[in-house]
Amino acid sequence: MNTGLKITAFAAAVAATFGTAYGVGTGIDPVTDKDRTPTARHGEHEDEQPEPEGTKTAGHTPGGLQISDRGYTLELAETHLVADKKQPLRFTVVEDATGRNVTAYTREHDKELHLIVASRDLTTYRHLHPTRAADGTWSTDVRLPEAGGYRVFADFRPAGAKEGLTLGADLGVAGPYEPRNLPAHSTTTKVDGYDVTLKGELKTGAGGDLTLSVAKNGRPVTDLQPYLGAYGHLVALRSGDLAYLHVHPNGTPGDGKTEAGPGISFGTAAPSKGAYRLFLDFKHGGKVRTAAFTVYAGGAAEKGGGGHQH
């Protein structure tokens, strides 16, 4: 991947069970814990519009809409887990033409494969880096704090492929389940003692820039540490169908012009108007933290998907 914008868009169907328990459906590994504030709980392109430099979705169906795409299939070994219990999540990427597991990948942003897991209410999120066995089986331990529907996104580039792709699959997490509203719109959030501020507007079409600034104890953080080859990692998920944008910042650590904070600039383009949840991963003091925001693209009214969590 380039250090500029990398956007992969995809959508997934909602699977939710009403009542006191959720036992089937889709799933992803939540990144946010109950004791965090809603905004800190763990963050495509429009037809016939020019794309920002670095996108990889031009000419393709948005990524993540399908479990199979461009000759590859994502196969989860576990499609149901139990809430608030550490469990293994295993999967393979299969080459459809041969029926064999993919065992050779091109490293992008320091990893062969990026695994994003998010709850359908967009209040939990994880960016995971599973390990791959020689037979092509990927695995990682996950603990999903709450029951409900989740979506698993595998973002990768097979060795020899001209570009990467993203496949999506559903995961159900059993346990007591209560639906939540999308957290309210905000341009500021707190996480682990850090204040993160969002400037700029998420736009459709050709898009534009977003800048996220990090401060601690009222002072700008100017010594952010590289994470996955950048000073920040941004993912956006569209409320309602979880269309997915995987975005990387403008500039690279050590390029002589990109400063280590407090601001991290990203080029972005939303696939449509509507509500989105942004998740920013940044590293400071040797630890990666995730700040989350709810924003509206294209001047969309802040209604319907907004509101506070219960």
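The model is predicted, and the exercises below work through it.

## Exercise 1. Confidence and overall make-up

Task: State what the pLDDT values say about the chain, and which secondary structure elements the chain contains.

Solution. 

Step 1. Take the average. The protein chain has a mean pLDDT of 80, and 76% of the residues score at least 70.

Step 2. Where pLDDT is low, predicted coordinates should not be read in detail.

Step 3. Count the elements. The protein chain has 21 strands and 0 helices.

Step 4. Of the 310 residues, 52% count as buried. The accessible surface is about 12900 Å², and carbon and sulfur atoms hold 47% of that area.

## Exercise 2. The surroundings of strand β11

Task: Find the strands that bridges join to β11, and state how many residues of β11 are buried.

Solution. 

Step 1. Look at β7. This strand, residues 113-119, runs antiparallel to β11 and is joined to it by 7 bridges. Leucine 115 stands opposite alanine 154 of β11.

Step 2. Look at β12. This strand, residues 165-176, is also antiparallel to β11, with 9 bridges between them. Glycine 148 has valine 173 of β12 as its bridge partner.

## Exercise 3. Salt bridges

Task: Given a count of 12 salt bridges, describe the pairs glutamate 108 with arginine 157, lysine 287 with aspartate 192, and arginine 238 with aspartate 241.

Solution. 

Step 1. Start with glutamate 108 and arginine 157, whose side chains meet at 3.7 Å, N to O. Glutamate 108 sits in the loop between β6 and β7, arginine 157 in the loop between β11 and β12, and 49 residues separate them in this link between distant parts of the chain. Glutamate 108 has 5% relative accessibility and so counts as buried. Arginine 157, at 21%, is partly exposed, because the buried class ends under 20%.

Step 2. Go on to lysine 287 and aspartate 192, which form a salt bridge at 3.9 Å, N to O. Lysine 287 is in strand β21 and aspartate 192 in the loop between β13 and β14, so that distant parts of the chain, 95 residues apart, are linked. Lysine 287 has a relative accessible area of 44% and is partly exposed. Aspartate 192, at 40%, is partly exposed too.

Step 3. Turn to arginine 238 and aspartate 241. Their side chains meet at 2.6 Å, N to O, and both residues are buried.

Step 4. Note a network. Salt bridges link Asp69, Arg70 and Glu163.

## Exercise 4. Aromatic pairs

Task: There are 7 aromatic pairs. Classify the pair of tyrosine 105 and phenylalanine 156 and the pair of tyrosine 125 and phenylalanine 279 as stacked or edge-to-face.

Solution. 

Step 1. For tyrosine 105 and phenylalanine 156, the centres are 5.9 Å apart and the planes make 80 degrees, which is edge-to-face. Tyrosine 105 is in the loop between β6 and β7 and phenylalanine 156 in β11, 51 residues apart. Both residues are buried.

Step 2. For tyrosine 125 and phenylalanine 279, the values are 4.2 Å centre to centre and 5 degrees between the planes, which is stacked. Tyrosine 125 belongs to strand β8 and phenylalanine 279 to strand β20, so the pair ties together parts that lie 154 residues apart in sequence. Tyrosine 125 is buried at 0% relative accessible area, and phenylalanine 279 is buried at 0% as well.

Terms used: Residues numbered from 1 in each chain as written. Heavy atoms only, no water. Buried < 20%, exposed > 50% of the residue type's maximum accessible area, 1.4 Å probe, protein only. Helix = DSSP H or I, 4+ residues; strand = E, 2+ residues; numbered from the N terminus. Pairing = 2+ DSSP bridges. Salt bridge = Lys/Arg side-chain N within 4 Å of Asp/Glu carboxyl O. Phe/Tyr/Trp six-rings, centres within 6.5 Å; stacked < 30°, edge-to-face > 60°. Areas by Shrake-Rupley, 256 points an atom, 1.4 Å probe, with all protein chains shown as cover. pLDDT = per-residue confidence, 0-100.
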